[in-house]
Amino acid sequence: MNIACLVLTLRLGAAAGSPAPQPGYLYRAALVQAAPGKLLEVVDLYKSGWPGVKESGDAPPFAMRHSQGDRWDLLLLFPMGSQAEFYAAERIARRHRASELARAALDRLDDAIAWQEDVFVYGPSVEELQARFAKAGFFHVEMFETLPGRRRDLYRQREMENAYLRRLGLPENLIFVRESGAPWDLFTVGFYRDLKHYAEGADVPSAKQDEAAKAAGFENAGGIGPYLRTLIALHHDTLAVGIR
């Protein structure tokens, strides 16, 4: 085994022994595909207040609109807090009353959606998410299904990649970890002002990229992607924009 392979093996071994991600704030992530010709109607329903949310007292969703990549048109993140508080008896009752008041809008929404997939995830606080959305107009979403037994390693890889980005002065990704629902084990969201801001990483000299990658625990910058692919069975990338 040469020195480079030995170093990489030791680094991957350290990642495999990293602690499992701890539960944070709970969200429902809804991936929504509009029915043909109905996208603007779904967007308008979001802009006017997602049906049933305002009346229920629940927090409104954060949202982004697909630009290119995966099949969904909208990604919505509904703040829940925790299962216990979200499904408390009084909140369920209020949600039921709200759905009755918003029945017409909910029926419109049902008719305007062709496909929807929900995954419940633990992520950062609502305050942090709000702060990131307030400054962003462009997003990079990466969604992963891990190979068996590699979920903890993938979480660690995402942390390592954030360390790499931090050393380069680039925006770090927010990490969301599956609790239940659709099979995505983990997804990350990168927040950028615009497409030009997203592309700034390409301007960093390769030597500086390699230095940052090694400091974060990778073999070099070129090894980030190949290592990621040893952990995952499926990976979807999507570029998205804000909804104004």
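Helices (DSSP runs of H or I, at least four residues) and strands (runs of E, at least two) are numbered from the N terminus. The structure described here is a predicted model, in which local features need pLDDT of at least 70 and side-chain atom pairs count only at pLDDT 80 or more, whereas totals for chains, interfaces and linings use all residues. Residues are numbered from 1 along each chain as its sequence is written, and side-chain values use heavy atoms, with hydrogens and water left out.

Within helix α8, which spans residues 151-167, lies Q157. With a relative accessible area of 0%, Q157 is buried, a term that stands for under 20% relative accessible area, while exposed stands for over 50% and partly exposed for values in between (1.4 Å probe, protein chains only). When residues up to four places away in sequence are not counted, Q157 touches F218, I224, Y227, L228 and L231, a contact being defined by heavy atoms within 4.5 Å. The side chain of Q157 is also joined to that of R158 by a polar contact of 3.0 Å. Such a contact is a pair of N or O atoms within 3.5 Å; within protein, one atom must be able to donate a hydrogen and the other to accept it, and residues adjacent in sequence count only if both atoms are side-chain atoms.

Helix α5, formed by residues 89-101, contains S99, and R94 lies in helix α5 as well. S99 is buried, since its relative accessible area is 17%, and a polar atom of its side chain lies 2.7 Å from the backbone oxygen of H96. R94, by contrast, has a relative accessible area of 41% and is therefore partly exposed. Apart from neighbours within four places in sequence, R94 is in contact with E55, S56 and G57. From R94 to A163 the separation is 69 residues in sequence and 43 Å in space, C-alpha to C-alpha.

For the protein as a whole, the secondary structure comprises 11 helices and 8 strands, and buried residues make up 45% of the 244 residues. Of the contacts with a separation of 6 or more, 79% are between residues 24 or more positions apart. The radius of gyration is 20 Å, which agrees with the value near 18 Å that a compact globule of 244 residues would have; this radius is taken over C-alpha atoms, and the globule rule is 2.2 Å times the number of residues to the power 0.38. Taken along the principal axes, the C-alpha atoms fill a box of roughly 65 × 40 × 30 Å.
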